[in-house]
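Subject: Handover of a structure with its ligand

Dear colleague,

Please find below the structure that I am handing over to you. My notes on what was found in it follow directly after.

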Amino acid sequence: MSFESLGLAPALLRALAEQGYAEPTPVQAGSIPLVLEGHDLLAAAQTGTGKTAAFALPLLQKLSGAGPTMTRRPRALVLTPTRELAAQIHDNLRDYGKHLRVSATTIFGGVGMGPQINVLRRGVDVVIATPGRLIDHMQQRTLDLSGVETLVLDEADRMLDMGFLPALKRILGAVPKQRQTLLFSATFAPEIKALAMQFMRAPREVSVTPPNSVATLVSHHVHPVDAANKRELLLHVLSQDSRRQTLVFSRTKHGADKLVKYLEVSGLRAAAIHGNKSQNARTKALADFKSSRITVLVATDIAARGIDIDQLPMVINFDLPMVAEDYVHRIGRTGRAGSEGKAVSLVSHDESGLLRDIRKLLKDEIAIDNVPGFEPSTPLRLDAGAPRPKQGQRQPRPPQRQNTGGQRQGGAHRPHGHASSSGGGEHAAGNRKRHRRPRPAAKA
Ligand code: AMP
């Protein structure tokens with residue numbers, strides 16, 4: 001399968017060759033022809049599968065056909081749950097569209113409205129936005145969505161998790177009914193399908209099913225440790241290979257800041273990324289991490305969502321997530337694009353119950369090994385009465401719904417699986433119970 005055979009224009013093929021992309025990923029191969037044909041699309045794919053190009057390439061092709069926008073009205077709207085994801089999509093559109101005359105801009109909170117208004121006034125083809133700030137512009141009448149021909153909802157399941165449904169509904173009311181809608185979601189849980197059915201027209205489906213061998217791509221390690229010794233153990237693990245780019249997860253924003261201070265005092269180059277940081281600080285931290293100016297990025301779950309960092313060799317859970325499913329999101333940051341990844345969790349006795357949930361979810365034995373010198377005074381408990389930490393920033397969610405998205409099954413995430421497309425039938429690779437209820441609205 002080649003990009004040529006998907007019907008892409010020479011200017012795009014040139015840009016792809018310059019990016020070094022040899023062939024389409026499964027979600028690209030499945031989606032691009034359907035989007036070019038004008039179908040609505042429901043695609044099950046998460047970050048790391050090449051999904052951005054799956055919508056960006058055909059979108060650019062369609063927009064380039066008619067020449068640059070002469071009016072103020074954007075012709076395409078891409079909605080994402082986080083600012084980082086919006087910025088990444090913008091970067092990708094720039095890369096793929098470098099030989100075309102298609103303009104794009106991002107609209108998200110945390111930065112001034114003024115420059116955004118100026119860009120919108122001058123006229124732009126594609127707006128990539130987070131829902132909250134988009135609504136601000138709609139209210140101030142600084143953005144007219146009546147010319148939108150293509151609407152993309154990226155990470156639709158995350159948007160619902162983050163409480164964006166009311167905003168989505170308002171935005172859907174402001175774009176024309178006659179349009180093409182592309183929805184990308186890691187899962188096709190019932191509420192995603194219900195949402196899709198409300199505003200899509202006969203959507204085609206594309207899903208990327210990971211092969212069963214996924215677990216070999218990411219190795220999972222649990223190191224039991226007393227809570228008081230976690231920071232030292234983290235330092236020990238990091239010192240095993242100090243050149244490795246490592247993403248460290250902290251359950252709380254305050255904990256992330258404290259950890260960065262500790263690592264810096266210990267001589268490591270680190271930065272934190274979480275919702276209390278200014279947009280500038282977050283952008284800088286991510287850029288510094290990508291360019292290896294810092295080697296450790298400490299993140300909270302929401303801030304890390306959707307971040308694309310190429311081939312991250314290691315993810316460390318300084319704290320286990322309160323919801324087992326978030327473990328899968330976290331380790332989805334490693335072992336990408338066929339490269340091997342390592343997921344290390346530092347687990348204290350009070351987190352035993354969380355570890356138990358994760359092991360159950362992964363249906364997979366995670367190696368639990370003591371690190372000499374860091375053996376805990378109280379061993380982990382993996383029986384039914386295993387303790388859990390007191391609820392902090394995030395609340396555990398009760399079992400509530402059945403999820404039919406098979407993509408994350410098996411405990412590891414593999415970016416390029418098999419794609420299948422259909423006219424709308426059931427596509428899931430398996431059933432898995434998810435433990436969640438809607439998260440409070442959050443601006444990541
Ligand atoms: P995404 O799922 O859109 O976040 O993409 C994940 C990563 O895969 C990004 O770094 C892309 O640049 C890269 N990528 C996307 N498509 C291809 C492709 N066909 N070949 C190689 N890399 C790709």
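**The ligand and its surroundings**

The shell around the ligand is made up of three nonpolar, seven polar and four charged residues. Please bear in mind throughout that this is a predicted model. In total, 14 residues surround the ligand, and the closest are Tyr-21, Gln-28, Gly-48, Gly-50 and Thr-52.

A nitrogen atom of the ligand lies 2.8 Å from a polar backbone atom of Glu-23. For Thr-49, a polar backbone atom is 3.0 Å from an oxygen atom of the ligand. A polar backbone atom of Lys-51 is likewise found 3.2 Å from a ligand oxygen atom. On its own the ligand has 500 Å² of accessible area, of which the protein covers 83%.

**Thr-52**

Thr-52, which is listed among the closest residues to the ligand, belongs to helix α3, formed by residues 51-65. Is Thr-52 buried or exposed? Its relative accessible area is 13%, and because the limit for a buried residue is under 20%, Thr-52 counts as buried. Apart from residues up to four places away in sequence, Thr-52 touches Ile-89 and Asn-92.

**The seven-stranded sheet**

The model also contains an open sheet of seven strands with parallel pairing, in the order β10-β11-β9-β12-β13-β8-β14. Strand β14 runs parallel to β8 (residues 218-224), and two bridges join them. Within this pairing, Val-222 has Ile-368 of β14 as its bridge partner.

**Ser-352**

Finally, I would draw your attention to Ser-352, which is located in helix α15 (residues 352-362). Ser-352 has a relative accessibility of 0% and therefore counts as buried. Which residues does Ser-352 contact, leaving aside its neighbours within four places in sequence? They are Leu-380, Arg-381, Leu-382, Ala-386 and Pro-387. With Arg-381 there is also a polar contact: the side chain of Ser-352 reaches the backbone nitrogen of that residue at 3.0 Å.

With kind regards

Terms used: Residues are numbered from 1 along each chain as its sequence is written. This is a predicted model: local features need pLDDT of at least 70, side-chain atom pairs count only at pLDDT 80 or more; totals for chains, interfaces and linings use all residues. Side-chain values use heavy atoms; hydrogens and water are left out. Helices (H or I, at least four residues) and strands (E, at least two) are DSSP runs, numbered from the N terminus. Buried means under 20% relative accessible area, exposed over 50%, partly exposed in between (1.4 Å probe, protein chains only). A polar contact is a pair of N or O atoms within 3.5 Å; within protein, one must be able to donate a hydrogen and the other to accept it, and residues adjacent in sequence count only if both atoms are side-chain atoms. Contact means heavy atoms within 4.5 Å. A residue is near a molecule or strand if one of its heavy atoms lies within 4 Å of it. Accessible areas come from the Shrake-Rupley method with a 1.4 Å probe; for residues, only the protein chains shown count as cover. Ala, Val, Leu, Ile, Met, Phe, Trp, Tyr, Cys and Pro count as nonpolar, Asp, Glu, Lys and Arg as charged, and the others, Gly among them, as polar. Two strands pair if DSSP finds at least two bridges between them.
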